[in-house]
Amino acid sequence: MTYYAFIENEQINGCGQCRCLNEGVQNIEITEEVFNNLADYIYVDGEVVINPNLDEIRLQEAKDNKYQEALIGAKAFIENGAVYQFDENNSIEATDGNIGKMTAYALAFQTGTVDKVYWTSKEDNVLELSAEDILTILTGLGTIQSEIWNVKFVTYKTAIEQATTVEEVEA
């Protein structure tokens, strides 16, 4: 089988198993290896050659992917696993939504609109909460999120940034 790279304006503009008939497109025969990995190659001085910056490109792609993975993982942990242990039998999920609700309750207490609030814990226990309880929970939820974003995520992000090889990024 014959494979071709399509060269247009001194750049690879695609590839195929038959010649491109578009005017202004040069067809250069390539190997199956080049055909299957065309993104790794560039056109220089009339030849299709491996990109000399390929290691740097792959490292940056790996870093970008790992950063996104870390970001998604931190958000998922907050929404599905991070909890504040309020007392020995009750915990509250450290979600942004719960922080927002607790903040609204704190304001309601401050304005005198309410004198107690009911909340269902993660363990499905209904709690009667005072203004002091709400502030304690808000502080605890904030501490949990702060630990995730300002310690764990930053540490992970720094390790990604400092990696010098794809293998280090993946590790």
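A: Two strands count as paired if DSSP finds at least two bridges between them. Strands themselves are DSSP runs of E with at least two residues, helices are runs of H or I with at least four, and both are numbered from the N terminus. The model is a predicted one, in which local features need pLDDT of at least 70, side-chain atom pairs count only at pLDDT 80 or more, and totals for chains, interfaces and linings use all residues. Residues are numbered from 1 along each chain as its sequence is written, and side-chain values use heavy atoms, with hydrogens and water left out.

Three strands form an open sheet in the order S2-S1-S3, and their pairing is antiparallel. Strand S2 (11-16) and strand S3 (26-30) each have a single partner strand and therefore stand at the edges, with one side of each left without a neighbour in the sheet. On average, neighbouring strands of this sheet are turned by 35 degrees against each other, direction ignored; the axes behind such angles are lines fitted to C-alpha atoms, for helices over the stretch in contact, and angles run from 0 to 180 degrees between N-to-C directions. Strand S1 (residues 3-8) is joined to S3 by five bridges in the antiparallel sense, and Ala5 stands opposite Ile28 of S3.

A further antiparallel pair consists of strand S4 (residues 41-44) and strand S5 (residues 47-50), held over four bridges. Val44 has Glu47 in S5 as its bridge partner. Two residues lie between the strands of this hairpin, where Asp45 takes a positive phi near 50 degrees.
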